[in-house]
Amino acid sequence: MDLQRILVFTPAILFAITIHEFFHAWTANKLGDPTAKESGRLTLNPIAHLDIMGTICFIVAQFGWGKPVPVNAANFKNPRRDNMFVSLAGPASNFVSAFGFGIIFHLMNKYSTPSNLTVPIFEFLYIGIRISLFLAFFNLIPLFPLDGFHILKGIVPYHLVIRLDAVSKYSPFILLGIILLNGSAGVSILGSILNPPVIFFSRMFTGI
């Protein structure tokens, strides 16, 4: 990745991670759990949400993560339902961000001409859309500790919640295996899962 692409890629990553974690914290606080707020996570300052290793991996390998927002479900009136809403808030915020970038992309494409100023902005918007969509759909994978696991727990019947909790201890190893296999020996598990919705909505939002 060249320097110019890094200069565009990095702020797009920081934005996607910050929005994702902020809305986890904001939703939890609105539903009665101030844990994230008291931990300094109810902020749009990206530094508060960065996991150093996750950010480095994002820049180097275009794959990474942010620092999980602390949540105490005991503070919710309806712990199961509210925890699901908190988990959903992160991916939803990324999806809405991608849509917003798409609107700006369309307006600029219609009313501006390519120049040394607009081309980097177009590139930032496009990369921002892709990263936001990737982060949204990746986190919807129903494996612990991803958001999709907690969303699934809020949907399935209670007797299945107990089973999900029982197998959740194996989920991080499954997720790690998928990540390690991704791209090795011609295997692209994450790509086969994430690329179709990311490409579909990227084209829808940008029109290209």
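What follows is a working chat about a predicted model.

Reader: Ground rules before we start?
Author: This is a predicted model, where local features need pLDDT of at least 70, side-chain atom pairs count only at pLDDT 80 or more, and totals for chains, interfaces and linings use all residues. Residues are numbered from 1 along each chain as its sequence is written, and side-chain values use heavy atoms, with hydrogens and water left out.

Reader: Start with α8. Which residues of α8 are buried?
Author: Ser171, Leu175 and Ile178, in a helix that runs over residues 171–181. Buried means under 20% relative accessible area, exposed over 50%, and partly exposed in between (1.4 Å probe, protein chains only). Helices are DSSP runs of H or I, at least four residues, numbered from the N terminus.

Reader: Where do those buried residues of α8 fall, seen down the axis?
Author: They fall within an arc of 60 degrees, so they line one face of the helix. The arc is taken from the directions from the helix axis to the C-beta atoms.

Reader: And what is exposed on the other side of α8?
Author: Phe173 and Leu180.

Reader: What covers the buried residues of α8?
Author: The cover includes α5 (118–139), α7 (158–167) and α9 (189–206). Contact here means heavy atoms within 4.5 Å.

Reader: How many aromatic pairs does the structure hold?
Author: It holds 14. Rings of Phe, Tyr and Trp (its six-membered ring) pair if their centres lie within 6.5 Å; planes under 30 degrees apart count as stacked, over 60 as edge-to-face and the rest as tilted.

Reader: Give me one from α1.
Author: Phenylalanine 23 and tryptophan 26 form an edge-to-face pair, with 6.0 Å centre to centre and 65 degrees between the planes. Both are in helix α1 (residues 3–30), 3 residues apart, or about one helical turn.

Reader: How accessible are the two partners?
Author: Phenylalanine 23 is partly exposed at 28% relative accessibility. Tryptophan 26 is also partly exposed, at 38%.

Reader: Which residues form the aromatic cluster?
Author: Phe95, Phe99, Phe137, Phe200, Phe201 and Phe205 form one cluster.

Reader: Charges now. How many salt bridges does a search of the whole structure find?
Author: It finds 2. A salt bridge needs a side-chain nitrogen of Lys or Arg within 4 Å of a carboxyl oxygen of Asp or Glu.

Reader: Take lysine 153. Which residue does it meet in a salt bridge?
Author: Aspartate 165, at 2.8 Å, N to O. Lysine 153 lies in helix α6 (residues 147–155) and aspartate 165 in helix α7, so the pair ties together parts that are 12 residues apart in sequence.

Reader: Lysine 153: buried or exposed?
Author: Buried, with a relative accessible area of 19%. Aspartate 165 is partly exposed, at 37%.

Reader: What about arginine 81?
Author: Arginine 81 forms a salt bridge with aspartate 82, and the closest N and O atoms are 2.9 Å apart. Arginine 81 is partly exposed at 39% relative accessibility, whereas aspartate 82 is buried at 2%.

Reader: Surface next. Which residues form the nonpolar patch?
Author: Ile52, Met53, Ile56 and Trp65, with about 430 Å² of accessible area together. Patches take residues with over 30% relative accessible area and no salt bridge; like charges are joined within 9 Å, nonpolar side chains (Val, Leu, Ile, Met, Phe, Trp, Tyr) within 5 Å. Areas come from the Shrake-Rupley method with a 1.4 Å probe, and for residues only the protein chains shown count as cover.

Reader: Where is isoleucine 52 found?
Author: In helix α3 (residues 52–61). Isoleucine 52 is exposed, with a relative accessible area of 67%.

Reader: Last topic. Which peptide bond is cis?
Author: The one from phenylalanine 144 to proline 145, with omega near 10 degrees. Proline 145 is found in the loop between α5 and α6.

Reader: And asparagine 139, what does it touch?
Author: His20, Pro91, Leu146, Asp147 and Gly148, not counting residues up to four places away in sequence. Asparagine 139 is in helix α5 and is buried at 11% relative accessibility.

Methods:
Helices (H or I, at least four residues) and strands (E, at least two) are DSSP runs, numbered from the N terminus.
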